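Please look at the sequence and the model below before reading on. The text then goes from the whole chain to single residues.

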Amino acid sequence: MHYDKNDLILLYNNDNEKDRKTLAYAHTITRQINKQEVNSVRVSDTLFGLMLDQLAMDAKSIVNKADPFYQQNIKGHDLSAEDWHAVIRKRPSLLRAPMAMYRGKTVLCNTPTDILKLAT
């Protein structure tokens, strides 16, 4: 994937209503949106790692720990960053919230309006 800092990159799950609302708010910031829909594309390890680094978070912290799959299959296991990325790729519903990056800033969008933090 080619990364252009003038593109708003949105890592989201189109099956989630909150994520779709976040995408709608993204259109109020810019028309140049690089949509990385986790059910449709394989998100690059480099992009995923860059976003996590800018958030100063690890992959485990962006996982929805209330998800039944997490509770039954992952809880209590010690996974590497690469393993967490693989789990999120295979189970996009585990992504707790969309992540967005724009002009060197990255936000975890716990609410759809959190993406507006990128406009300031």
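This is a predicted model: local features need pLDDT of at least 70, side-chain atom pairs count only at pLDDT 80 or more; totals for chains, interfaces and linings use all residues.

Residues are numbered from 1 along each chain as its sequence is written, and side-chain values use heavy atoms, with hydrogens and water left out.

The protein has four helices and four strands. Helices (H or I, at least four residues) and strands (E, at least two) are DSSP runs, numbered from the N terminus. Starting at the N terminus, the order of the elements is β-α-β-α-α-α-β-β. The radius of gyration of the protein is 14 Å, close to the 14 Å from the globule rule for 120 residues, so the protein is as compact as a globular protein of that length. Here the radius is taken over C-alpha atoms, and the globule rule is 2.2 Å times the number of residues to the power 0.38. Along its principal axes, the C-alpha trace spans about 40 × 25 × 25 Å.

How much of the protein counts as buried? Of its 120 residues, 42% do. Buried means under 20% relative accessible area, exposed means over 50%, and partly exposed lies in between (1.4 Å probe, protein chains only). The accessible surface of the protein is about 6600 Å², and carbon and sulfur atoms hold 47% of that surface. These areas come from the Shrake-Rupley method with a 1.4 Å probe; for residues, only the protein chains shown count as cover. Among contacts in the protein with a separation of 6 or more, 67% are between residues 24 or more positions apart. Contact means heavy atoms within 4.5 Å.

Next come the paired strands. Strand β1 covers residues 8-12, runs parallel to β2 and is joined to β2 by five bridges. Two strands pair if DSSP finds at least two bridges between them. Strand β2 (residues 33-37) is mostly covered, with four of its five residues buried. In a regular strand, side chains alternate between the two faces of the sheet.

Now turn to Ala26, a residue of helix α1 (residues 17-26). Is Ala26 buried or exposed? Ala26 counts as buried because its relative accessibility is 0%. Apart from neighbours within four places in sequence, Ala26 is in contact with Leu8, Ile33 and Ile115. The C-alpha atoms of Ala26 and Lys5 are separated by 15 Å, and these residues are 21 apart along the chain.

Ala56 lies in the loop between α2 (45-55) and α3 (68-74). Although Ala56 is not a glycine, it has a positive phi of about 55°. Ala56 is exposed because its relative accessible area is 71%.

Arg103 is in the loop between β3 (99-102) and β4 (105-108). Arg103 is not a glycine either, yet its phi is positive, at about 50°. With a relative accessibility of 53%, Arg103 counts as exposed.

Val41 sits in the loop between β2 and α2. At 35% relative accessibility, Val41 counts as partly exposed. Along the chain, Val41 and Lys90 are 49 residues apart, and their C-alpha atoms are separated by 11 Å.
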